[in-house]
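Please open the structure in your viewer and keep the sequence panel at hand.

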Amino acid sequence: MARRNRSPARLRGWSVLCGVSLALLFAPHSAAPAEFTVNYANADTRRWSCRLCDFDKAHAHGGTLAAGVISAAKGEMRFGRDNGIDRSGSYLDLNADYRLSTKTGWLLEFAGRNLGLKSRDAALRIHKPRRYGVRVQHREIPRNIARDGRSPFMGSETLSLPNNWVPAHSTQGMTHWTAGSNSVELATERSRSDIGAWFSLTPGLTFKTGYFRERKQGIKEVFRDSFYQATALPAPIDYRVEGTETGLHYANSTTSMALRYTSRQFTNDAVALEWQNPYAGSVALGRSAAPPGNESKTLSFASRLRVGRRATLNATIARNEASQNTSFLPPTTNPSIDVEPIDQSGLNAKRKSLSGAVNLVIRATPRLRVSVAHVEAKRRDRRRMLALTPVLGDLFATPEIVAQGYSYKRSKTDIAFRYRLPARLRVAAGFRRLDHSRSNLEIASNEENRAWSEVSGELGAGWRIRVRHDSADRDAARFEPNTLNNPLTRRFHQAERHDREWSGGVRYDSPTSGFSAGFEANHRKHGYPQSPLGLQRDATTGWLVDAGYAAGSTVALSGFYGVQTRESKTAGSVGLSTRDWLYDTEDTVTTAGARLKLNGFLYPALDLTLDYAHSNGAGDYATTFDDQRSSFPSLISRHRSVDARLRYAWRPRTALVLRYRFENYRAADWAIDGLVQDSIRNVLTFGRSSPRYGNHLIALSMEAKL
């Protein structure tokens, strides 16, 4: 079947929910379903893998090895954004999976995907029920952005200009920019390796431990400025994250408890980014601090207790401590500014947090289930109180400020009721209460109440339905002008908010005819009534329809079509006193896809799978000032792809697979396209353009069952 967008569907009214609810409440009881016998011997368990379950797997061994060659016609960064096929030429196509089990329960599993590419992913698991288990995994994640940019800068942590560079007050005076420019490849590579093991100490007690290491390297595009003179810089990325995990787990028929200790350490080899200033002026060198190294430690305890035959109590408590003490950089690179030096010993910051959660689930009757949950979280920042003098653009010293920590307290209470009606129908409703309090911010506290209701289930004759409504109101405390921000602004994640959401869908499945179809829709709207400036409202609306048809085991056809739209309105001010202009955005994404699968195509041992997909994206942005509306050029993104696979069962355990893929992509971004070196007088850019390409990929591989 074609892969479908699983985003929930919304867009209904209260009348629909009320009508359906009344009909379901008065629905007659249906007869009990007839019993049937399941033949587990026909289940294919080769790919079963569950860390929480002990499946009764058959004693067997086997697997698949697929090896071949992939040929890409062109070298396109975006085509190989996540798979690593970013250059023209040949690549190794290698995939493997293998499983071996014995009568004593010993199990070995291996799964490897894209082993010949930069997006390789491999995992090995060795398992002995109720004795021990070991897992090893390695994954590489490329992210290719572009290679058509050019920059005059060379070097790594300190970016230098050519020797013949002549600084100018604007980009139009930088006559040596083209001659001294270098190609820039904006791409990163992230690799992660982890190993874990568990050992059974007693029949109910298990010891677990693990270690992981992740590293990310590459070049990213950043912009830095010196008092309204901005420069695009190829900033290097080189950091590591390491962590360990150790824990004890105990379980019996009524109780489960786990004690776990985890640690994380972040190390950044790029301490700071420095660059020569390409503009004429008093600042010769710019500098920007990189994310500092830090570490975190967490001790947690989780438990689950069965209370009688109808209730379960879950409780969790966790304590975390994070610290950071990287040495400070000097406040400015401008020697003409007289500011007090910062103590180089570092911030000596420690962030301590404590969180706890409890959840009681009661099966009051065979049809009624009640859940009550409460979560509390507190965080305190402890750091040195520092008096700092901000320097604006490395040119002007501003009044002294005192750096303060940020602490908060959050609580959440959930109450939910779920009732199972006759005829496989369910109704549910719930209430949520949120309380947030924080220090040293403009809005010190929030309170939010949310209510929801849902009806779902099977209507018979292959029909299923779901309708849900959410309504929430968030109140905000009085605005405190304790920062230099415009007092008319309200940060959207703190301001008063009204939230309304509808979602629903209907589906029909006919096992006898092989036909299946579904429709889903959704609508969500946020309003900020007490925000004079900033975000006023935003809304998201979407719908999706899909259908599939399978004629026996020889022909299968499926497809989907969906639309997602987001609108928002933002208010702004020219004189920082009243609302002067409005900024409207509307983003629309349309996606569609289809799959045709033919088994025995032209020949009994030949199978054909054909996939088609397209996606159209458009973004419209406009500003209204003095009742005059000015629109920006639309942002456009269009993607088309065709993927065809022929599989020939050459021998009973061997098959040849031929794959052809064509992908076409077009984008238009007025903020990038046509933006050359001197397009903007005070912004030195990379001169990139929106990606546009058409690429062909051909792969031939052999699959063998082991």
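The stops below begin with model confidence and then turn to strands, a loop residue and hairpins.

**Before selecting**

This is a predicted model, in which local features need pLDDT of at least 70 and side-chain atom pairs count only at pLDDT 80 or more, while totals for chains, interfaces and linings use all residues. Residues are numbered from 1 along each chain as its sequence is written, and side-chain values use heavy atoms, with hydrogens and water left out.

**Stop 1: confidence**

Colour the chain by pLDDT, the predictor's confidence in each residue, from 0 to 100. The average for the protein chain is 87, and 91% of the residues score at least 70. Next, select residues 1–58, where the pLDDT is below 50; this stretch has 83 contacts in the model beyond near neighbours in sequence. A contact means heavy atoms within 4.5 Å.

**Stop 2: an open sheet**

Strands here are DSSP runs (E, at least two residues), numbered from the N terminus, and two of them pair if DSSP finds at least two bridges between them. Select E6, E11 and E12, 3 strands that form an open sheet in the order E6-E11-E12 with mixed pairing. Strand E6 (158–159) and strand E12 (285–289) are the edge strands, each pairing on one side only. Strand E11 (residues 272–276) runs antiparallel to E12, joined by 5 bridges. Within this pair, glutamine 276 has leucine 285 of E12 as its bridge partner.

**Stop 3: threonine 171**

Move to the loop between E6 and strand E7 (182–202), where threonine 171 is placed. Is this residue buried or exposed? Threonine 171 counts as buried because its relative accessibility is 0%, the cut-offs being under 20% relative accessible area for buried, over 50% for exposed and partly exposed in between (1.4 Å probe, protein chains only). Show its neighbours: setting aside residues up to four places away in sequence, threonine 171 touches Tyr279, Gln677, Asp678, Ile680, Arg681, Val683 and Leu684. Its side chain reaches the backbone oxygen of isoleucine 680 at 2.9 Å.

**Stop 4: two hairpins**

Select strand E25 (residues 497–510) and strand E26 (residues 515–527), which pair in the antiparallel sense over 13 bridges. Tyrosine 508 stands opposite alanine 517 in E26. This hairpin has 4 residues between the strands, and glycine 514 takes a positive phi near 80° there.

The hairpin of E26 and E27 has 6 residues between them, and asparagine 522 stands opposite glycine 542 in E27.

How values were computed:
Polar contact = N/O pair within 3.5 Å; in protein donor to acceptor, adjacent residues only side chain to side chain.
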